Amino acid sequence: MDKNFQEEFTQIIKFEPPLYRQRYQFVKDLVEKYKPKKVADLGCADCSLLWMLKFCRCIEVLAGLDICANIMKEKMHTLSPLPVDYFQPSERSLTVTLHHGSVAHKDPCMLGFDLVTCLELIEHLEESELKKFPEVVFGFMAPRIVVISTPNCEFNALLPGVKLYRHPDHKFEWSQAQFQSWALEIARCYDYSVEFTGVGQPPTGMEKIGFCTQIGVFVRKYPQTGESVQSEKPTEAVYKTVFKAVYPSLKDEKYLQNAVIREVIFTAQIIKHRLMSKREEYSDDPERKSKSQSSMDCFSDYLEKLVVEKNMEPFVSGNEVYIPLATIFSFPKVNRLCGTFEKLCKLIAGKVTLSSDGSAVMFNIEHENEEN
């Protein structure tokens with residue numbers, strides 16, 4: 001939340017990369033370690049952290065919450081899918097949602113998250129909000145992991161221009177002892193463990209001052225029971241949803257079907273091209289048949305192996321070329337997309353020209369020659 005003000009005040013002590021990026025990287029490293037599927041960023045502001053996290057392949061649900069809707073709306077477009085996401089859908093699903101509301105209020109849309117981040121948030125809360133914050137986050141939301149960062153006021157003496165607080169909206173800034181005392185009490189009350197660290201190293205010889213940004217990482221000690229969640233769940237939503245994006249995914253059969261059709265046609269075209277090239281070579285000079293075998297590329301080597309071992313040879317009959325579906329299914333990408341041969345047949349039914357018995361992809365050579 002403090003990017004602009006921080007850059008103004010770090011004239012002598014320059015952090016590289018900038019302090020806010022170090023905080024984001026800290027969260028990203030934590031995501032890579034714990035592989036959470038559902039992540040919420042409280043106090044998401046301009047959505048920069050959410051934008052970075054949407055590229056983490058383990059995450060399937062991202063949610064942001066902020067008290068200022070205008071800040072979110074300025075940048076929320078960066079969370080929308082790009083054209084390439086539709087052309088090449090990911091194997092994972094991803095939904096990104098932004099909510100307008102206060103961390104002092106409970107809303108059922110914030111239940112079920114694995115990781116909740118609160119970067120440079122608590123120091124912006126009024127005293128009444130800060131009192132409600134632990135119960136909302138640790139009692140009600142109760143994620144597996146909570147990350148809280150906040151300024152270390154002991155570092156302020158090294159930041160030119162800082163007289164009281166680093167940001168005019170800060171209601172307080174804590175020392176290391178104050179933050180740790182608050183965090184340890186929360187951990188005790190809600191059955192979490194907590195470890196303290198930070199980003200923004202102090203100058204050599206001033207290590208006792210601590211990190212410029214202090215961080216507490218809370219990990220829940222015991223799994224949350226379904227009964228405890230249900231008993232706390234409010235009946236009404238209090239947050240207003242200002243943005244929602246559902247990314248195209250191969251888990252959606254519509255996108256999976258399109259991907260399978262493209263891959264089947266692509267694979268069949270390559271096999272057909274190799275088959276027709278060999279036929280032309282052999283018709284020109286039968287003696288070239290043995291020589292051509294040694295010059296086949298990797299794709300053809302794999303195809304030859306399939307033909308020999310599984311008797312799935314593509315063939316030409318009149319003006320038609322037939323590429324057995326069993327051959328196409330044996331190629332790794334098609335196999336991975338479909339999972340089963342039955343699924344392959346179902347997805348391409350009526351979308352790809354097949355032989356009369358449905359066992360092979362069929363191309364009409366005469367028709368193609370006329371088009372060329």
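Buried describes a residue with under 20% relative accessible area, exposed one with over 50%, and partly exposed one in between (1.4 Å probe, protein chains only). The structure is a predicted model, in which local features need pLDDT of at least 70 and side-chain atom pairs count only at pLDDT 80 or more, while totals for chains, interfaces and linings use all residues. Residues are numbered from 1 along each chain as its sequence is written, and side-chain values use heavy atoms, with hydrogens and water left out.

With a salt bridge taken as a side-chain nitrogen of Lys or Arg within 4 Å of a carboxyl oxygen of Asp or Glu, a search of the whole structure finds nine. In one of them, R23 is joined to E120, with the closest N and O atoms 3.6 Å apart. Because R23 belongs to helix α2 and E120 to the loop between β4 (115–119) and α6 (127–141), this pair ties together parts that are 97 residues apart in sequence. Helices (H or I, at least four residues) and strands (E, at least two) are DSSP runs, numbered from the N terminus. R23 is buried, at 3% relative accessible area, and E120 is buried too, at 2%.

A further salt bridge brings E135 and K106 together at 3.4 Å, N to O. Here E135 lies in helix α6 and K106 in the loop between β3 (95–100) and β4, so parts 29 residues apart in sequence are tied together. E135 is partly exposed, with a relative accessible area of 26%, as is K106, with 27%. Within helix α7 (residues 176–190), R188 and E185 are three residues apart, about one turn of the helix, and they form a salt bridge whose closest N and O atoms are 2.5 Å apart. R188 is exposed at 55%, whereas E185, at 38% relative accessibility, is partly exposed.

Aromatic contacts come next. Rings of Phe, Tyr and Trp (its six-membered ring) pair if their centres lie within 6.5 Å; planes under 30 degrees apart count as stacked, over 60 as edge-to-face and the rest as tilted. Across the whole structure, 13 aromatic pairs are found. The rings of Y20 and Y24 have centres 5.7 Å apart and planes at 80°, so they meet edge-to-face. These two tyrosines are four residues apart in helix α2 (residues 19–34), and therefore separated by about one helical turn. Y20 is buried at 16% relative accessibility, and Y24 is buried at 13%. W51 and F55 also pair edge-to-face, at 5.0 Å centre to centre with 75° between the planes. W51 is partly exposed, at 40%, while F55 is exposed, at 51%. Elsewhere, ring pairs link F133, F172, W174, F179, W182 and F196 into a cluster.

Charges also meet rings. A charge sits over a ring if NZ of Lys or CZ of Arg is within 6 Å of the ring centre and within 35 degrees of the ring normal. The charged end of K38 sits over the ring of F113, 5.1 Å from its centre. For R262, the charged end sits over the ring of F87, 5.1 Å from the centre of that ring.
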